[in-house]
Amino acid sequence: MEFWFSEIHTPNVKLSIRVDRQLYSGKSEFQRIDVFESPEFGRFLTLDGYMMLTEKDEFIYHEMITHVPMAVHPKVRDVLVIGAGDGGVIRELTRYPEIEHIDMVEIDELVVEVCKKYLPQTACRLDDPRVAIHYEDGLKFIRSCQDCYDLIIVDSTDPFGPGEGLFTREFYGSCFKALREDGIMVNQHESPFYPEDALACQRAHKRVVESFPISRVYQAHIPTYPSGHWLFGFASKKYHPLKDLDETRWNMRGLKCRYYTTTLHKGAFYLPAYVEEMLEDVE
């Protein structure tokens with residue numbers, strides 16, 4: 001008998017992946033957590049039935065949410081990561097020796113424990129001495145922060161359930177306050193393709209634009225996310241993601257990536273016409 005995992009993308013569209021076996025299934029106080037093993041995508045994590053990452057394509061998401069701001073900001077020392085219980089963002093950040101401290105705020109401790117056990121590819125650097133893990137609500141945590149961070153990465157789930165508060169005007173205002181005078185915030189911005197996802201994109205973009213003087217959107221192609229077309233938000237107090245990109249400085253590091261390059265960085269900010277129009281409607 002064949003087993004398949006299916007995620008509904010719209011009432012008329014679903015993504016199905018053949019599964020060899022289920023490695024874990026459990027329920028925290030926040031959500032249901034499952035880990036499957038598949039012949040095509042390797043191991044993958046779902047929360048409440050929604051795909052979070054697969055071993056085969058996670059590098060795209062984690063490289064693009066991390067290296068884009070790191071190639072722009074000239075001196076990142078202190079970083080706040082909200083969400084990111086799978087550890088992929090931490091893995092990428094710990095490749096930078098100049099980063100002194102990383103606060104990771106994850107609401108669900110069980111997600112971290114499950115990923116450490118079943119997804120060591122992403123959770124391999126959570127024990128780095130520069131990383132402090134706080135198991136609490138990111139919205140509550142950031143309210144008490146002021147001028148603390150050079151970079152904030154919001155690696156949240158979708159804008160409902162445990163991740164809902166991370167898409168509010170109050171949250172983005174708190175992020176602005178928590179950043180130093182030249183700080184950058186990057187967040188996952190949902191997919192622009194299907195109508196319901198596009199509305200979530202617009203709502204997030206509107207609230208970021210209201211909170212930050214510089215706000216741009218960039219894209220990546222992630223096969224297992226709805227439509228495969230995914231957006232990220234780049235918001236900053238000072239730095240422009242293209243004008244302040246220092247290609248030479250970043251390339252001199254010799255960091256080897258499988259998706260990110262500084263050439264791709266520039267191209268990622270050139271969006272399809274329908275996405276530009278969608279974002280302009282709320283700006």
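Author: In this predicted model, a salt bridge is a side-chain nitrogen of Lys or Arg within 4 Å of a carboxyl oxygen of Asp or Glu. Glu58, Arg91, Glu92 and Arg95 are linked in a network of such bridges.

Reader: What makes the contact of arginine 95 and glutamate 92 a salt bridge?

Author: Their side chains meet at 3.0 Å, N to O. The cut-off is within 4 Å, so the pair of arginine 95 and glutamate 92 counts.

Reader: Why is glutamate 92 called buried, and arginine 95 partly exposed?

Author: Buried means under 20% relative accessible area, and partly exposed lies between that and 50%. Glutamate 92 has 4%, so it is buried; arginine 95 has 27%, so it is partly exposed.

Reader: How many salt bridges does the rule give?

Author: The count comes to 19. One of them joins lysine 56 and glutamate 40, at 2.8 Å from N to O. Lysine 56 is in the loop between strand 6 (50-54) and helix 1 (58-72), and glutamate 40 is in the loop between strand 4 (32-38) and strand 5 (42-47), so this pair ties together parts 16 residues apart in sequence.

Reader: What makes aspartate 78 and arginine 180 a pair that ties together parts of the sequence?

Author: Their side chains form a salt bridge of 3.0 Å, N to O. Aspartate 78 belongs to strand 7 (residues 78-83) and arginine 180 to strand 11 (residues 179-188), so the tied parts are 102 residues apart in sequence.

Reader: Is aspartate 78 buried or exposed?

Author: Aspartate 78 has a relative accessible area of 14%, which is under 20%, so it is buried. Arginine 180, at 21%, is partly exposed.

Notes: Residues are numbered from 1 along each chain as its sequence is written. This is a predicted model: local features need pLDDT of at least 70, side-chain atom pairs count only at pLDDT 80 or more; totals for chains, interfaces and linings use all residues. Side-chain values use heavy atoms; hydrogens and water are left out. Helices (H or I, at least four residues) and strands (E, at least two) are DSSP runs, numbered from the N terminus. Buried means under 20% relative accessible area, exposed over 50%, partly exposed in between (1.4 Å probe, protein chains only).
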